[in-house]
Amino acid sequence: MKKFAALILVVTILASLCIPVSAAEFSSNPYYINTNQAMVVLTISDSGLAEITVLCTANSNATKIQTTTYLERKVGSSWMRVSNGQVNNQWTASTTAKYLVKDYSCQLSTTGTYRAVAVFTVSGTQSETFTLYSEDIY
């Protein structure tokens, strides 16, 4: 059910990108220079399969989108990176297109609170780097 909800969210966001937006409407989100939309969604199934969706759409100023994504588990008051079998326990992706959508998965062996961390770097007239989080409990 969580995966279905995440899929509906991604489809809704992608569909909203097809709607023309005036400059006045876009200015309501002045945080981003080269980015129209960015998100990370984490869903964990009852069997412990963590699924992460990363999405970024860039505006006409952007020349490259890069993401680094990893999973962390809360231990006490700290966050510890989860082993996912990748170099540095992180997934990386990049594109020169105006959008990037990636799906990752990792089987969890321990219950607890988890979060997906996605670090976005969108290059263009100026480079911008920002981090987004999504939490779920297993």
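Student: Ring pairs join Tyr32, Phe120 and Phe130 into a cluster. What makes two rings a pair?

Tutor: Rings of Phe, Tyr and Trp (its six-membered ring) pair if their centres lie within 6.5 Å; planes under 30 degrees apart are stacked, over 60 edge-to-face, and the rest tilted. The model is predicted: local features need pLDDT of at least 70, side-chain atom pairs count only at pLDDT 80 or more, and totals for chains, interfaces and linings use all residues. Residues are numbered from 1 along each chain as its sequence is written, and side-chain values use heavy atoms, without hydrogens and water.

Student: Why is the pair of Phe120 and Phe130 called stacked?

Tutor: The ring centres of Phe120 and Phe130 are 5.2 Å apart, within 6.5 Å, and their planes meet at 20°, under 30 degrees, so the pair is stacked.

Student: Why is Asn59 called buried?

Tutor: Buried means under 20% relative accessible area, exposed over 50%, and partly exposed in between (1.4 Å probe, protein chains only). Asn59 has 11% relative accessibility, so Asn59 is buried.

Student: How do you know that the charged end of Arg81 sits over the ring of Tyr70?

Tutor: The rule asks for NZ of Lys or CZ of Arg within 6 Å of the ring centre and within 35 degrees of the ring normal. The charged end of Arg81 is 3.6 Å from the centre of the Tyr70 ring and is listed as sitting over that ring.
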